[in-house]
Amino acid sequence: MTVALVYGSVRDGRLGIRLVRYLERKLAARGHEVFTVDPNIFQLPLIERRMMDYEVGTAPSAVEQVGDLFASADAFLFVTGEYNYSVPPALSNIVAHYIEQFHHKVAGLASYSYGPFAGVRAMEQLRSLLAGVGLVTTPRSLPVPAVHEVFDENGDTTREDVDSWTNDVLSDLEWYAGALTNARGNGQ
Ligand SMILES: Cc1cc2nc3c(=O)[nH]c(=O)nc-3n(C[C@H](O)[C@H](O)[C@H](O)COP(=O)(O)O)c2cc1C
């Protein structure tokens, strides 16, 4: 399947990119095509209008590009840090541009923090935000505390528990993506 990995930090020295690199490799190792929507690469404007509110073909080019990528995705995997107990603004901004591209699809959730709480407060807010754009979320998720200790700069880890939680999330993602792809294919 094709998975859109969505990350939302633009901070200098950002740490969550380590978890993103790790997840890219885990998805590829399970045979999936993966593309990462990183706000440092796709510089979406602050939301003024959703993509659907532009005349076809007239949205800013980054908005069109990400919209096309999202439309081609069978599943999403969101990677959120926690900023003031909430979702980083660049991540919320990415989501706000789209809606149709998410309809009847599934999202997995990974969260992280520098401290011990793994970003779980932001993750639960993200779950709600994603429900607002029509995504269903997997029951199991991946919370990573002390992300700078769990992953090195290349996104490698020796933590077997993290590897095992990741496999659980990806199994859920595959199951729901398969079921929902079939349902959409049947016109449901
Ligand atoms: C604006 C801001 C707010 C933060 N708020 C929280 C918070 O509420 N909870 C938390 O555990 N860490 C918080 N942190 C620390 C982050 O967990 C840490 O900086 C992490 O590396 C951010 O992800 P990033 O490096 O990918 O940007 C905050 C950091 C910033 C910059």
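1. Let's start with the ligand shell in this predicted model. The residues around the ligand split into five nonpolar, six polar and three charged. That makes 14 residues surrounding the ligand, and the closest are Ser9, Leu15, Gly16, Gly81 and Ser113.

2. On to the core. The largest nonpolar core holds 52 residues, and Leu19, Leu77 and Val79 have the most contacts inside it. The biggest contributor is helix α1 (residues 16-29), which puts in six residues.

3. You'll find Gly155 in the loop between α5 (147-150) and α6 (160-185). Setting aside residues up to four places away in sequence, Gly155 touches Arg18, Leu19, Arg21 and Tyr22. With Arg21 the sequence gap is 134 residues, yet the C-alpha atoms sit 5.3 Å apart. Gly155 counts as partly exposed because it has 17 C-beta neighbours inside 10 Å, whereas a buried residue would need 20 or more.

4. Two backbone spots to check. Most residues other than glycine have a negative phi. Asn84, though not a glycine, has a positive phi of about 50 degrees, and His104 has a positive phi as well, near 60 degrees. Asn84 is in the loop between β3 (75-80) and α3 (89-96), while His104 lies in the loop between α3 and β4 (105-112). Asn84 is exposed, as it has 9 other C-beta atoms within 10 Å. His104 has 12 such atoms within 10 Å, so it is exposed too; the cut-off for exposed is 12 or fewer.

5. As for the overall layout, the chain has six helices and six strands. Reading from the N terminus, the order is β-α-β-α-β-α-β-α-β-β-α-α. Of the contacts with a separation of 6 or more, 80% join residues 24 or more positions apart.

6. Last, the dimensions. The radius of gyration is 16 Å, which agrees with the value near 16 Å that a compact globule of 188 residues would have. Along the principal axes, the C-alpha atoms fill a box of roughly 45 × 35 × 25 Å. Buried residues account for 41% of the chain's 188 residues.

Methods:
Residues are numbered from 1 along each chain as its sequence is written. This is a predicted model: local features need pLDDT of at least 70, side-chain atom pairs count only at pLDDT 80 or more; totals for chains, interfaces and linings use all residues. Helices (H or I, at least four residues) and strands (E, at least two) are DSSP runs, numbered from the N terminus. Two residues are in contact if their C-beta atoms, placed from the backbone, lie within 7 Å. A residue is near a molecule or strand if its C-beta atom, placed from the backbone, lies within 6 Å of it. Ala, Val, Leu, Ile, Met, Phe, Trp, Tyr, Cys and Pro count as nonpolar, Asp, Glu, Lys and Arg as charged, and the others, Gly among them, as polar. A nonpolar core is a set of buried Ala, Val, Leu, Ile, Met, Phe, Trp, Tyr and Cys residues joined through C-beta atoms within 7 Å. The radius of gyration is taken over C-alpha atoms; the globule rule is 2.2 Å times the number of residues to the power 0.38.
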